Amino acid sequence: MGVRVTTGRTLLAAVMGFGVALSAQAAEYPAIGKLPQLKINNAKAELGKRLFFDKRLSGDAAVSCATCHVPDKGYASKEALSPGYPGNGHFRNASSLINVAHKKVWNWDGRIGTNLNDMTREMLTEDYTMNMDMRIMQERIKQDPVYVQMFKDAGYGEPSNGSVRKAIPEYMKTLTSANSPFDKGKMSASAKNGMKLFKGKAGCIQCHNGPLLTDQKAHNTGVPENFDVFLDPMNHQAFIAFTMFQGIPNYMNLKRDPGYYNITLLDEDMGKFVTPSLRELKYSAPYMHNGMIKTLADVVNFYNQGGGKDSKKSDLLKPLKLSGKEKKDLVAFLEALSGNKLTSDKHVWKQPYPAEYEAIANWTEVPN
Amino acid sequence: MRMKKLTLTLVAAAVAALFAGCQATAAKQESATAPAKMSAAKMAMKAAGPAPLAPLGKAPIPPDNKLTPEKVELGKLLFFDPRVGGDASTGCSTCHEPEQGWAWAEDFSRGYPGTVHWRNSQSIINSAYFPRQFWAGSASSNEKQAKSAAKGGVAGNGEDDIMEARLALIPEYKKRFKAVFGTEWPIIDDVWHAISAFERTMNTTGEYEVPLDKYLKGDKSALNEEQTRGMALFNGKAGCINCHNGELTTDLDFHNIGVPPNKRWEEDGLAQITFRFEQYAKGQTEKGYRAAKSDWGFYYRSKNKWDKGKFRTAPLRYIAYTAPYMHNGVFYTLEEVVDFYNRGGIDEEGRTTLFPENKSPLIKPLGLTDQEKEDLVAFLEAFSGPEIMMEKPEQPPYAPLFNMAELKAAQEAK
């Protein structure tokens with residue numbers, strides 16, 4: 001059985017290697033197109049917005065969700081590697097959160113496949129991200145009268161950890177692509193041509209398909225390692241803490257990001273990462289799980305040469321032989337997948353937070 | 001004598017509970033268990049009267065964590081290294097500061113950034129001698145105390161994996177852990193062992209011997225006249241010896257002596273946050289969480305209502321350097337402490353514990369004269385010798401584990 005599967009795969013790769021028009025196959029992939037509308041509860045989302053930008057949601061009150069997910073950068077990290085929690089660095093690039101509510105699997109290695117509620121918990125409590133004891137978080141929130149009112153208005157009653165984990169995802173639903181030339185049907189001629197290449201000669205559609213332009217599966221594209229993960233002890237300590245906690249064998253000697261291997265512990269999954277969405281790329285540079293590619297033109301060049309070097313690289317990647325114009329058209333299409341920046345008050349909490357926690361009056365008289 | 005009276009009271013309560021019938025099930029349980037909780041040995045000890053003060057002997061060293069100079073040296077480095085904590089800013093010495101009596105000179109310990117603690121930081125000096133650590137005795141060894149403090153949300157807020165990862169990237173530590181513990185990489189549990197080894201050398205013995213111990217060993221000149229009078233009060237009229245007794249100057253038991261709640265909880269939002277967190281973290285019922293307005297102390301461990309407001313009798317050596325006093329640091333001077341006891345466990349504003357029903361019958365107005373109070377304070381000063389100071393070691397630096405050539409080779413081999 002296993003042998004037959006392998007044979008099938010080899011055959012498919014061989015067929016593609018001969019350059020048989022992929023456009024014929026495009027129909028096999030979920031159509032790229034508009035994202036479905038999400039129903040949003042405004043009061044809950046507004047509360048989630050205030051929480052998202054609030055540094056008091058981290059252990060030492062020094063970082064918020066927005067420290068790594070920067071609105072101006074498409075809610076992704078500015079640097080190749082995220083800053084992480086104070087006292088350590090990080091080993092991956094924070095993904096864009098735009099359209100994150102439409103996903104079915106989260107994290108570059110796909111380690112969360114349930115919901116954003118779990119994802120929110122993960123980011124708040126992991127020691128190298130926000131290192132928050134959520135019991136302290138709950139009590140901090142209860143100390144801020146603005147939150148007490150907002151939780152009430154949102155129908156959550158008294159502030160609790162559970163409702164924080166619901167309100168932040170509700171806010172993330174509001175981070176949805178708006179007015180991209182692609183969605184409006186107003187692409188330039190170059191971008192339109194790029195879309196043809198995307199579905200055809202360049203073969204991007206094989207993994208980047210559906211409204212999010214991702215199959216949400218893990219693939220090895222041979223992205224080179226970011227050596228800063230290992231050369232900077234601040235980043236490396238976060239990497240070691242992560243791989244140790246995840247139970248990855250031989251973590252002290254690892255000189256590469258294991259990616260999806262984390263989930264299966266199968267050698268064949270080493271170096272696979274979940275296909276990212278291609279929406280809002282204009283803002284979220286640098287690219288790839290470790291920020292190793294700086295521009296979209298570089299990304300296209302990377303795929304044009306058939307991806308990177310890895311013995312376990314996906315068979316889907318072959319040199320594409322794109323012309324200069326074709327590469328430009330492809331970039332134009334990728335850019336047409338970006339809409340308005342989500343940086344206004346509608347998406348960003350811009351009011352100040354209290355500088356200190358007000359004491360509860362008549363503390364001895366009122367129940368806690 | 002006084003203890004006998006306490007036992008009688010408890011027996012009387014038990015008898016009363018029997019008559020109170022089924023509505024008093026809880027009370028019955030309480031009264032039936034409370035005297036039974038006292039071991040036969042303890043009862044015998046109490047009947048014989050408190051053990052007299054005795055000079056401090058050698059610190060006990062547990063057989064599973066023997067002291068070696070290398071381990072102590074490693075422990076010292078770790079004790080002063082803030083990377084043994086959450087955001088690499090808060091290590092042991094952050095709240096156990098040598099210049100503040102190896103404790104913290106505010107009512108509440110300073111806590112992790114973004115928080116404040118809710119109890120007074122206790123000195124590590126002589127901590128080796130105590131079978132239980134923390135105000136409610138929640139850690140049964142120095143090793144467990146170190147771990148608990150380094151990981152607690154309002155203390156070190158560190159997680160095992162990130163702390164262990166940091167140490168692995170500090171070559172000096174890698175070398176030293178291998179030499180001391182024989183492991184390829186530093187192991188987090190060994191961190192607590194090394195820190196404890198260091199702490200077990202931090203005692204008021206040898207050159208740091210306190211005047212009282214010199215006196216008890218026969219050097220009658222170690223105490224002046226005032227102090228000698230104070231000692232007589234300590235052992236007699238003031239009754240301090242009832243709890244502060246024996247070699248360790250503590251009976252290691254838990255008592256409610258009437259310390260009032262810290263008013264900071266009424267005025268400080270950050271302290272209110274921690275207060276509620278502690279109720280939550282210590283497994284309070286929701287009813288208890290809502291109602292608590294003071295630290296319930298030993299109750300959090302026993303969950304018996306008669307333990308509300310009880311704390312471990314604090315040892316008295318080195319107290320000249322460890323102000324403020326009590327589990328919540330409400331008294332800043334020894335004079336205030338003596339006044340508090342002299343009033344019968346009541347502060348100058350007339351405040352006392354929120355659980356007066358649990359207040360020890362040993363605590364009652366003492367009727368000390370001003371001269372007697374001065375004598376007592378003078379004697380309490382004899383529990384401290386020279387200040388123990390130490391140069392803080394430099395933090396050994398991080399270094400990358402791999403070099404560029406190794407990383408490139410790994411990349412090529414992919």
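**Reading contacts, helices and an interface**

Me: Leaving aside its neighbours within four places in sequence, which residues is A:G308 in contact with?

Reply: A:T221, A:G222, A:V223, A:P224 and A:F302 are in contact with A:G308 once those sequence neighbours are set aside. Keep in mind that this is a predicted model.

Me: Where is A:G308 found in chain A?

Reply: Its place is the loop between helix 14 (296-304) and helix 15 (324-335) of chain A.

Me: Is A:G308 buried or exposed, and why?

Reply: The general idea is to count C-beta atoms around the residue; 20 or more others within 10 Å make it buried. A:G308 has 21 C-beta neighbours inside 10 Å and therefore counts as buried. For distance within the chain, take A:N161, which is 147 residues away from A:G308 along the chain; their C-alpha atoms are separated by 43 Å.

Me: How does A:G84 read by the count of C-beta atoms, buried or exposed?

Reply: A:G84 is buried, because 26 other C-beta atoms lie within 10 Å. This glycine is found in the loop between helix 4 and helix 5 (116-125) of chain A. Beyond four places in sequence, A:G84 is in contact with A:G89, A:H90, A:Y128, A:T129 and A:A238. A:G84 and A:D127 are 43 residues apart in sequence, with 9.2 Å between their C-alpha atoms.

Me: Why is helix 3 of chain A described as largely enclosed by the rest of the structure?

Reply: Helix 3 (residues 42-52) of chain A has 8 buried residues out of 11, so the rest of the structure largely encloses it. The buried ones are A:K44, A:A45, A:E46, A:L47, A:G48, A:K49, A:L51 and A:F52. These buried residues pack against helix 4 (65-68), helix 7 (145-153) and helix 8 (161-173) of chain A.

Me: What describes two packed helices?

Reply: The angle between their axes and the distance between the axes describe them. Here, the axes of helix 10 (residues 189-199) and helix 15 of chain A come within 7 Å and cross at roughly 100 degrees. The two helices are therefore roughly perpendicular to each other. Helix 10 of chain A makes the contact through A:S190, A:A191, A:N193, A:G194, A:M195, A:L197 and A:F198, and helix 15 of chain A through A:E326, A:K328, A:D329, A:L330, A:A332 and A:F333. By class, this contact has 7 nonpolar, 3 polar and 3 charged residues.

Me: How many residues of chain A are in contact with chain B?

Reply: An interface can be read by counting residues on each side. Here 44 residues of chain A are in contact with 48 residues of chain B. Helix 6 (134-142), helix 11 (228-231) and helix 12 (233-246) of chain A each supply at least two residues of the chain A side. Helix 12 of chain A gives the largest share, 7 residues. By class, the side of chain A that touches chain B has 20 nonpolar, 11 polar and 13 charged residues.

Me: What radius of gyration does chain A have, and what would a compact globule have?

Reply: A compact globule with 368 residues would have a radius of gyration near 21 Å; chain A has 22 Å, which agrees. The C-alpha trace of chain A spans about 80 × 50 × 40 Å along its principal axes. Chain A contains 15 helices and 2 strands, and 49% of its 368 residues are buried. Among its contacts between residues at least 6 apart in sequence, 71% join residues at least 24 apart.

Note on methods:
Residues numbered from 1 in each chain as written. Chains lettered and ligands numbered in written order. Predicted model: local features only at pLDDT ≥ 70, side-chain atom pairs only at ≥ 80, totals over all residues. Contact = placed C-beta atoms within 7 Å. Helix = DSSP H or I, 4+ residues; strand = E, 2+ residues; numbered from the N terminus. Nonpolar A, V, L, I, M, F, W, Y, C, P; charged D, E, K, R; others polar. Buried ≥ 20, exposed ≤ 12 C-beta atoms within 10 Å, placed from the backbone. Axes fitted to C-alpha atoms, helices over the stretch in contact; angles between N-to-C directions. Parallel < 35°, antiparallel > 145°, perpendicular 65-115°, else oblique. Rg over C-alpha atoms; globule rule 2.2 N^0.38 Å.
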